[in-house]
Amino acid sequence: PSYPAERLAFMVADSRPAVVLVDGTAVAAAGDVPVLDLAADFADFTDGPGTEDLPRLASPSDVAYVLYTSGSTGVPKGVAVEHRNTVNFLRWARSVFATEVLDRTLWSTSVNFDLAVFELFLPLVTGRTVVAVRNALAVRANTDATLVNTVPSAIAALADAQQIPDSVRTINLAGEALKRDLVDRIFAAADGVEEIRNLYGPSETTTYSTAVVMHRETGFVPHVGGPIGNTRLYVVDGCGRPVPVGVVGELFIGGLGVARGYLGRPGLTGERFVP
C-alpha cells in the first residue's frame, strides 16, 4: 500500500487481476478492478466452509504468484512463478535448515520481494514461528528471532548499532554482493551467530539458486557457492558453450526453480528463458 501510486497503477494494469483484496485500506490504484475489503466484507466468516470442503483449484504448473522486478533498467517485469517452483525451493530449504534454527524466523521483507518466500512460508511449512517486524531496521537486540534472512546493507546497519539479537543463530544474506569485511563485523558483533549463508539468485529462478555457508571458525568464503536442490549451473561464453574452469563467462541457471517467464511478454521470455 505504501508503493508510489504510479507503480501500483502499473502493476494492476499489467497483471489484470480478477479482484484486489484489501484489509481496511483504500487502494485508489485499483482503477476499475473490483475490490474486496476483507475487514468489511468478511467481518464474520466463522460459519464458512471448512478447508476440507474447499475444491482444489490449483495444479503444480499453475502460477502461484507474480513478483515485479525493480524496473531499474526500464519498465518493471512481472515474473510468473509456479507452485512447483516454490514447492521445490521450500523442500530444499527444509532439508538444509535445522528446525531449531527456523524456530523463530524473522519476517522483515515485503511480500513484494522474493526473500519473503523464505521468511514467511518456510517456517510455516515446518511448523515453526514467524516473527514479524515492519522492516529489518526495526529489529532490536531483544527481538527473539533465531534466524535472520535479509540483505547485506540491512545487517550491516544492525551490526554497527549492536542490534543483532543474541538469540540469532543463523543469518542469511542475499540481494547484494557480500564482502569479507561485513562477515567479520557480523561475527564480531554477534557472539551467538554460528553461521552466515550467502544466497544468490535472480527473481526469475524462485528466490535463491546458489548457497554457501560460512562458519564462525572458518570465516568468509569468496564465492556464491553451488546449486541448491534440483538446480543446475552453467558458465558459458557468448555462443552458449561451457567455458573452462577459471575463465570468465555468463551464468546460466536451469532446473526446477526456473520460473514460467515474464507475464504478458512472450518475446522477452523467449529471449531470456532459453532451452
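Trainee: Is Arg-16 buried or exposed?

Mentor: Buried means under 20% relative accessible area, exposed over 50%, and partly exposed in between, using a 1.4 Å probe and protein chains only. Arg-16 has 64% relative accessibility, so it counts as exposed. Keep in mind that this is a predicted model, where local features need pLDDT of at least 70, side-chain atom pairs count only at pLDDT 80 or more, and totals for chains, interfaces and linings use all residues. Residues are numbered from 1 along each chain as its sequence is written, and side-chain values use heavy atoms, with hydrogens and water left out.

Trainee: Where is Arg-16 found?

Mentor: Helices (H or I, at least four residues) and strands (E, at least two) are DSSP runs, numbered from the N terminus. Arg-16 sits in the loop between helix H1 (5-15) and S1.

Trainee: What is the phi of Arg-16?

Mentor: Most residues other than glycine have a negative phi. Arg-16 has a positive one, near 50°. Thr-206, not a glycine either, has a positive phi of about 60°. Thr-206 lies in the loop between strand S9 (195-200) and strand S10 (210-215), and with a relative accessible area of 2% it is buried.

Trainee: In which order do the strands of the open sheet stand?

Mentor: Strands of a sheet pair through backbone hydrogen bonds, either parallel or antiparallel. Two strands pair if DSSP finds at least two bridges between them. Here 3 strands go S3-S4-S14, with antiparallel pairing. S3 (63-68) and S14 (261-262) each have a single partner strand, so one side of each lacks a neighbour in the sheet. S3 and S4 (residues 78-82) are joined by 5 bridges.
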